[in-house]
Amino acid sequence: MAVTSALPLTDHQSVPGLSREDRTALLRFMMMMRATEERALALYRQGKVPGSFYDGHGQEAVSVGSAFPLGPRDRVCILHRDLGAHLIRGVKPGRILAQMMGRAGGITGGRDGNMHFGDKDLGCVGMVSMLPDMMLVACGMARAFQMRGEDRVAMTWFGDGSTANGQWHEAMNLAGVAKLPIVLVLENNQYAYSTPNTGEFAVDPVERAATYGFAGVKVDGNDVEAMFEASAEACERARRGDGPTLIEAVTMRMHGHGAHDDMKYVPADLVEHWKQRDPIETYSKRLASEGVDVEAIAQSVREELDAETDWALEQPMPDPATALDGVFATDDPHLGDGKAPWSYWAKAA
Amino acid sequence: MAEMTYLQAISDGLREEMRADESVFCLGEDIGAFGGAFKVTDGFIEEFGPDRVWDTPLAENAIVGTAVGAAVEGLRPVAEMQFADFVSCGFDQLVNVAAKMHYRQGLAVPMVLRLPSGGGFGGGPFHSQNPEAWFMQAPGLKVVAPATAEDAKGLIAAAIQDPNPVCFMEHKHLYRRAKGEVPEGRYATELGKVRVARAGTDLTVIAYGAMVSVALEATDDIDGASVEVIDLRSLVPLDREGILASVRKTSKVVVLHEATRSCGVGAEVSALIAEEAFEDLDGPVVRVTAPDVPIAFSPPLERAILPQTDDVKEACRELLAY
């Protein structure tokens, strides 16, 4: 007896390309990710962000490009350097800043910090510190779609460091054996904290995909459209029932592991090399050459973020009397659907 | 009513829930065609098919983590660890992902982790453990440990219906030895309520799982003393009032469990009694437990480690004379 779905199937015969509006949106999401993280770093330096601070500076194309093809009913487990995916699903920057400051208005209401969040109402399950644990949670969601015969996709992100962990291999094997509708985005930013790729693996992890029985593709992680195309194809493969895809996005972590890390272990010329390949600058030039008013987009990002920051700073700290609440669930709230700004979904809706 | 073994009762409860709710499914190692290492899911694949009785690869974190993902996506997974001992390999997903999910994100994880636990059959250090206290230290997990066939069915149903991750400790020694009348059809036994296995007035033995029958046997006749036996049934939530009510009545308490001693259930129950019922006591709270050693393989060694009926009898006798 199969489990039946309450949801109708949709028709996915072909993946259309990006419209001009989509490409503008890609740039804006990358700009908003960087601006939000820069604002959060400023708040951290002002002492308003407890704990530490982590960002994805220089890696914006990875999360923005890969999350953009997702439909509203798809589900995600997002990593700490992938703020763009949260923004695409519809999380407001103010709630992210409030989250980092431990405010009641943050996504977890102060229960967890920094990038450890997922807005359940937007189809996100938040990460934990142990990596890559969320791969297996994403496998479970994909299994639920498969059991109910739904053409939905689970997507999750993890770093190069994660590929050394046993749970990575458990998830890769399970995804391959069960042919799960899952997209696995390996964000290879060259360093696992201070350990370079050469100390992490003897074989490029993208090659392992074939040994687990599914497709692996290596993409320029600083090219947002290349990320979109690889991800869109992987999503379609999953929706067709043809199983998982491992996408290795090659990029560079341009900041330290956290704000406390001066990354003196990274050669200066490597940083300089990647600086020339900044995903936002290169895409801005490309769109500007095609007549897009890039400065107007940057201005609208600044204005929105200023308003969002004001909102975040107005949020109260959580009431200590609530510290013990919610250890156990008394009801069973389900995940909600996320925003899906790609024109394909806008037209489909 | 029908007479069933403890094992049949677990199967029956699980089957009833799967029939009533198609979002309930099982996953684990060798649970399909083989029916599980202990045959709890024997015949399930024929009735429910391979999707809902899913033979997974041998990877405990994958089993637990996949169950978490399926649970947040609206299904109600019942995951089996082939032996409770193997949960150590899936511990990360259980204590870090499942247990903390609702507190951090307000997202329920309605899943059950079935854990065949306990010794007494020469299973050795890796097939005999009673790891329930590990889970009690991970806020967000419920922990259930039935002692009878009737409760095994009612508590597995309640665990499946609960919106939280529940560790279901099913004692292997009871699987085919514990038998009793079990109601037909669906019913759920509320989590967090003790069962008075035998009422008494002179002394209370507090136990759970396989040690309940040991407590009953040991105290059946101790020089005519009236001994109450309390079956905890659920360790999280713990029925504090149920425990304290018995203490107030008898004023003397032995806490009995098969798990090791330090920081175990007995330590928690003893501390509760010391804090809340000190004035009601007429003697020290006494623990009878396994000592802090691994469970040895060879039968004489294993017997020396696991609490025996005579150990309980002796402890009760001493406390009664106090």
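Before the close-ups, a word on conventions: residues are numbered from 1 along each chain as its sequence is written, while chains are lettered from A and ligands numbered from 1 in the order in which they are written. Because the model is predicted, local features need pLDDT of at least 70 and side-chain atom pairs count only at pLDDT 80 or more, whereas totals for chains, interfaces and linings use all residues.

View 1. Helices here are DSSP runs of H or I with at least four residues, strands are runs of E with at least two, and both are numbered from the N terminus.

View 2. Domain 1 of chain B gives 26 residues to the contact and domain 2 of chain B gives 24. Look on the domain 1 side for helix 6 (132-136), strand 6 (142-144), helix 7 (149-161) and strand 7 (166-171) of chain B, the elements that give two or more residues.

**View 3. A nonpolar core and A:Met30.** Of the 204 residues in the largest nonpolar core, A:Met30 and B:Val254 touch the most other members. Such a core is a set of buried Ala, Val, Leu, Ile, Met, Phe, Trp, Tyr and Cys residues joined through C-beta atoms within 7 Å. Helix 5 of chain A gives the most to this core, with 11 residues. Both domain 1 and domain 2 of chain B give residues to this core, so it lies between them. Among the residues that A:Met30 touches, not counting those up to four places away in sequence, are A:Val64, A:Val224, A:Ile280 and A:Tyr283.

**View 4. A right-handed β-α-β unit in chain B.** Strand 13 (residues 253-260), helix 10 (residues 265-276) and strand 14 of chain B make up this unit; a crossover is right-handed if, with the strands pointing away from the viewer, the path from the first strand over the helix to the second runs clockwise. Strands 13 and 14 of chain B pair in the parallel sense over four bridges, where pairing takes at least two DSSP bridges. B:Thr260 stands opposite B:Ala290 in strand 14 of chain B. Five of the five residues of strand 14 (residues 286-290) of chain B are buried, so this strand is largely enclosed by the rest of the structure. Buried means 20 or more other C-beta atoms, placed from the backbone, within 10 Å of a residue's own; exposed means 12 or fewer, and partly exposed lies in between.

**View 5. B:Cys263, in a loop.** B:Cys263 is found between strand 13 and helix 10 of chain B. Its phi is near 55°, a positive value in a residue other than glycine. B:Cys263 is partly exposed, with 13 other C-beta atoms within 10 Å.

Terms used
Two residues are in contact if their C-beta atoms, placed from the backbone, lie within 7 Å. Domain bounds come from an automatic or database domain assignment.
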